[in-house]
Structure formats: C-alpha cells, structure tokens
Amino acid sequence: MSKAETIYLKDYKAPKFTVKTCDLVFELYEEHTQVTNLMSIERVDARAKDLVLDSIDLELLEIYLDDEKLSEKRYVIEDEHLRVLDVGDAFKLIIINKIYPQLNSELEGLYKSGNIFCTQNEPEGFRRITPYIDRPDVMAIFKTTLVADKERYPVLLSNGNRESNFKLDDGRHGATWFDPHPKPSYLFALVAGDLGVVQDKFVTASGKYARLYIYTDKGNESKCKHAMKSLKDAMKWDEEVYGREYDLELYNIVAVDSFNMGAMENKGLNIFNSAYVLADEDSATDANFMGIQSVIAHEYFHNWTGNRITCRDWFQLTLKEGLTVFRDQCFSADLNSKDVQRIDDVNSLRERQFVEDASPTAHPIQPDSYMAINNFYTATVYEKGAEVIRMLHTLLGEEKYRKATDLYFDTFDGQAVRTDDFLWAMSKAGGIDLKQFERWYHQSGTPKLHVEEKFEDSKYMLTLTQRVPNAVDGSEQKPYFFPLKMALLDENGREIEAKTLIVSKESEEFVLKTDKKPILSINRDFSAPIIVELKEGNYAFLMKHDSNSYVRYESAQSFGLVAIESIMRGEAIDEEFVKAFGHVLDDKKLDLSFKALLMELPSVTAVMQRQEVVDFEPIYEAKEKLQKHLALTFKDKLLDVYNKNHKPTCKNLDAKSMGERSLKNRSLKLLSALESEEIIAIANTQYNSSVTMTDRIAALDVLENTSPEFSTVALEHFYKKYKNDTLVMNKYFSILAASHRSGTLERVMALEHDEAYNELVPNLVRSLIGVFARNYKHFHAKDGHGYKFVVDKIIDIDKINPQIASGLAGAFKIFKKLNSANKKLMRTELERVIAEPSISKNVYEIVSKILNF
C-alpha cells in the first residue's frame, strides 16, 4: 500500500467519451447475476482512439461493438479497467458480464442484504456491476429491466417510472423501468425482494400526483408511518422554501439492514439504512424519530441538490452534501424547535468535525487529493460544508439567497458542476464579492477568533484577531471572510445594539457608541464555525439573561469547561458555576428541551479539545466530581424536576412530551452520580414501567453504570424481548460498549460471539466496536488493550468491508495530542496496521496520515 495512488484535483481531465443512453438487463439468480449493458457512446475528445471503462471484479462474457462480437484482440483487461481498442465517433457497445452479489461483503455495487438484492453505487460502486465510464460528469438516460424468480422476488424496482411488468414461463417475471432524467452511474439503483409496502400520494404545487411507496421487510410496515409523514412534510417544505417540485410519477424508498451509509438518494429509488426508516414508540427513541425526519428529508432534497444538479468530480462532494445538510437542518428547525435544533447541529459539528479539523486527517471542505474517496464522506465535507452555506445565507439574507438558489437551479439543471458554479450564483444574485470567502472551501482547520474589549468615552471598542492554523503540511493559511452576529447588552440583559459584523482581516477594530459599559454577546446563533477566545467571559450573566439561546447555551458550556478544568488543576469546585446551574434549574419559563440542554455538562470531547496534551483519566475524574457535587447540592430540586416530568405511560411525540422526557432523563443522569439505592431504584422502576424506548434506554444506561445487579436483570429482560430486532439490538450493544464500569472491554469481546451480533452488518459493527472506540475511558486505558482490540478488528473487518474498517480507524485521529505513554502504545498498534501486506487503501490512507503527521 506504500504505492497507493493519490488522486489530485489539479489533474482533473474532462471525459474523452460520454454515454448518452444505457439500457441494462439484470438476470438475477441465487448463485450469480448476469448483466447485459447496451450503451450509446459518443467521442468527446477527437484525439482519443481507445475507450477505457472502469471495471472491478467482473467476469466478462461477451462484447459487441455495433453488433459485431469482438475477439480478445479488440480489447484489453487491465487493472480495474476494460480498454476497447480503436472505436469510432459514435457507436453502440454491448457488454455481457457475470457478478456474484451473494459474495459481496463490501456492500458496494450489487449485493444481498438478507434476502434482498440492492445496490450502493456512490461513489464508485457501479464499476463493480458492469464496465462503465464511472464518474459523475458522465450523465446518461437509463432504462433498466430486472428478471428474477417471482416467488422469491415479487418486488422489482429501479430508477424512474415503471414502464412495464411481464411474466415468463419458468416461474420468473420481469419489470422495466425508465428514468427520463440524465444521471451519473452513482445514482443508479435496483432492488429485488419479497417486501411489504406502505403507500401514499402527494399532490404537487402544480397539481401533479406523485405516488409514494416505502418498502421494508414484511411485518415492519407499521414502523414506516413516521418516515412517510416526514417525506410528505419534506416535499411540501421544498416547494414552499426553495420552489422545487418533485419531477417523477413515483417516489420509492427501500429499507435494508446491511448498508454502509445512512441512506442513498438514487433518483426515484432511495435505498435506506433501516435505522433511518423504521420506528415506533416501543423500538425507537425520540432521537431516532428526529433522525428519521432529518435523513428522509435529506435524501429527498438531493433530488435537486445532487441529482438534477450533480458534481463534476468527487472533489466537489460538498457541493451537494454541504448544501443538502443545510437544507435538512433548516427543515428540521422549521418543523421543531429552532433553538434546540441549532444547538444540536453545533454540538454535532464540535464533537466530530472540530476533532477532525485538529487531527492529521484535517482537510478542506473541498479536498485537493485523496487515495480512497470513501474516506471523504466526512463531518468536514457534510457538517462544516453546511456551516459554509449557512454563512452565505447570512451574508445574502433570505430574499437574495432564494434568488441565488433559483439562479443556480435555472442555470445548471441537468449538469455536473463545481463549487465555483454555486458560488458564482451566490455572488451574482447576492451582489457580493465572494473571492475571499472562497477560502472556506480550500483551507483546513478551525480558525480561532481572539477577542479584546475596551470601553472609554462612551465608545465600546472590539478588537478581533483571526488565528488561522497552518494546513496539515505546515503551509500558512490566510484570514477568512465571515459574518459575525453579536450584540451589546445592558446590566439587565436588554439589547443595546445587535448587528452582524463582517470579519475579513487578520486583525481589525470595530467601534460602537454606548453610554454604559456593555456586556458582549458574540457569535450569536453560531454564525461562523470558529472558536471564540475571550479573556474573560461573562458566563454566569449570559446563562441567565441572554435572549439568544445559542449564546446562553454556549455560556453554560464554557462556564462548565472552566469549572472542570479548575478541578483538574486541583482547585476547589467553582461555586459560581454551581449557583448559575441552580438558576437554570429554578427557571420555570424555559422551554423544557432547551432547559435539558442548559443542564448538560460539557462532554469529554469538549474538554479534550482544549487540552494541549490529553490524558483522559483526570478529565473523567474532574467531570464525575462536578456531576456528583451538583447532584448532592440540588438533589431535592432534581428529584422534583424528575417527578413532575416523569409520565411513564405517555408516548406522544409532540414537543412538550419529548421535552418532558428529555428534562426528566437529564435529571436522572445527573442524580445517578450519587450511586445511591434510591436513585438506582428510580431508574429500575423507570425501566420496568415506561412504555417508550427513550425512557427505557435512559434507565438502562444509568443502571449499567451504577448497579451491576439491577443492570444484569434489566439487560437480560431487554435482550430476551428484542433479540430478533436488529435495530433495537444496536442500542443494546451500544449501552454495553459505552459502559464506564470495569471489565467493559472483556464484555465487548464476549459480545462478538453473541448470536445477535453479525460482523457483516455495518450497524452492528458501529454499535459495538465503533461505540467502544469512542468510549475514551476504556479505549484509552493505560494498558493499551483497548488500542490492540480495535486494531485487531480493523485488520479483520478490512478484509470484509474496507469502508467500515477505515471508519473505525478514525478513532485514532487524536494520536498527536495524546500524552507520551498513550501515544507510544497507540503507535505500536497502528504500525501493525501499516505492516499488513493486504491492507486496503481506505485504511492505509487514514492510518498513514495519522502516523506521518
């Protein structure tokens, strides 16, 4: 793997040929699938003589060029390519090949999830189905015919609209699908299986009918109601907010258990990880319901931002993903609490993307090179990419932003384009120069904004200094251009002035007039993805008085971080923080879900990010000490909050009910630090009496971390009830893998042999091995056994599914910040990965970057 090829954006060349139409016939059998591929191809580059097609692990049977069967002298099978020699300007090419989906454990191309044939072709899976110019800037019209055993596979689906069904004499049947919209091969999809279905319809703004279908394993139909409602809500929202109607007669969603990603937006046939479709109150938490709403919307929104307009090349991935994440975040905010949604989005960014930005694998939202493009489906490309779009929205304002997106759709519909094309539309319609703003696309790392304040002669002076980190290769990076929402508050928390500053220089001063010394509220709504450095924050005041919910939450988190860090230095617990926490607890006017967020202590990840050298033991000790102190100080109040909001028979999904559960369970988690019989009994009663999965999981988590005796009984009951439900068993494995109790690694290793666990199912791997790798207490244990275990699994899983293995390797990104003892142990294990002769390029790229930093 030391010779693994690196692909560079600067080396991009337009395709030499393009495919105009692609007619596919799939004959699906239990042992193999035969694919017949008829392509109409045209030469684009007059200098090109040979046609080069991408092709991986295909058994070639026959090739016909304009009806002439080619001898082996007319084509060459090369590494991952099929070269057809001396072709004309325009021609038809027929390729017949055989593939073996039932043996495909990488879950790319055509494979079987249980008894269901399905596909995953983004980014480069189609070349595992049939030889093709498998790149996003080649867009063709597809017609697809599927033929299979009627009894085993009564449902046959592909992209677009169904043209026909037909029966054959041998118990087989077929269906032909036609997609009128040109698309790249990564958006091709098919599904064949014996599936249950839920159906509905949607009438578009122009009066057209779209039939909606969600397919799933039989018996799960009742769990699709929320997904269907979310789909219809998304369709309506996209019409109202972006003016985008659906453009086919059918919209199909299929839920499968074995899927590498969350979902895939294939045109007219979305294939979903079942975790983002199936839900009812007995098996799904409130967070699961919210996640389904978001992901269903995300994939639907891709119909315009990803399908109708797609990426020229994979370096442009954030063009579709960053924009679509922003769209789904706004959709969720409009349907739920804007304040809570914004805080949740920022928390997700900080927990995942800020860590990535500070690691050896840091990259811009538009990378300039890669070995394996699968490694760049990252928090940077997605979540930071969404923050970049949000800044554009702030800079332009709602009206101009809508004009800009209309211009983008009108200009580039049906094309494969670049981020530059999107920025052109933003700049032209917005009347704004975005040249400096483009640095957000090309620079990596999280910028810090150092803030200095001065007040004299009725003038408030705010000096802002950008501290932009060097790139991973050590090269200097330049100051950014971004909007910064801020306000000046008086001693009662009232706004003296609120405005959006435009920050563009390395250092600059802003002067505002005010009679009294104000209190600064900065980066409101998290208007820019930066780290704000304040010499002295008015955290307690802002926690109580700021009208901006994000700054209020951020102040609570910052105050909590300062309190934890003081404990780590051996100082006494900061009673000012305790007092401020008590004020939040007493505030009866707060939205319940928002109050639960304000009561949340900073995560271990948040503390870690502020440390120059990371040692997890003192972080855990300090956080646990603070949590216990809060629980002792406010025990009666926390119990009162718990009792007032504990409604074990309520399973409603309205904002009030979800807020009650969130606040009640936050209180229970804080009280669990007492490890008292009283609190353990409350958690045990909650597990046994509650009807929602939200409450049961919260109770199980408390029991697992406080009482082995009660935990054993509850977990046995849970296992017995749900052992045949894979989605619920994901939760079971996650609770055990995240446990802080001693012996967690040994229990995780034993769970690998549990009959409910299957290493071929990505969700199960993520819930057991992936969650353990994020259990900092045991993964970073001083004996190094956590590192060894996860590296062993990376090496094993890499032979089955490199994409999942490289995802696990991401747990080691913290390498450069670790203390010397842990760093030495981690290096030893990572060097074992590099030494593996058959390691995939996916894993090699991640690990080599970590070690060579």
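**Strand pairing at T465**

I looked up T465 and found that it stands opposite S507 in β29. I worked from a predicted model, in which local features need pLDDT of at least 70, side-chain atom pairs count only at pLDDT 80 or more, and totals for chains, interfaces and linings use all residues. Residues are numbered from 1 along each chain as its sequence is written, and side-chain values use heavy atoms, with hydrogens and water left out.

I noted that β26 (residues 459–467) pairs with β29 in the antiparallel sense over 7 bridges. Strands (E, at least two residues) and helices (H or I, at least four) are DSSP runs numbered from the N terminus; two strands pair if DSSP finds at least two bridges between them.

I then traced the open sheet of 4 strands, with mixed pairing, in the order β29-β26-β25-β31. I recorded β29 (507–513) and β31 (531–534) as its edge strands, each pairing on one side only.

**Helix α5**

I checked the length of α5 (residues 379–396): its 18 residues should span 26 Å at 1.5 Å a residue, and its end C-alpha atoms are 25 Å apart, which agrees. The expected span is 1.5 Å times one less than the number of residues.

I found 16 of the 18 residues of α5 buried, so the helix is largely enclosed by the rest of the structure. Buried means under 20% relative accessible area, with a 1.4 Å probe and protein chains only. Just after α5, I noted a positive phi of about 85 degrees at G397.

**Y620**

I located Y620 in helix α14 (residues 616–633). At 8% relative accessibility, Y620 counts as buried. I recorded 9.5 Å between the C-alpha atoms of Y620 and I564, which lie 56 residues apart along the chain.

Methods
Buried < 20%, exposed > 50% of the residue type's maximum accessible area, 1.4 Å probe, protein only.
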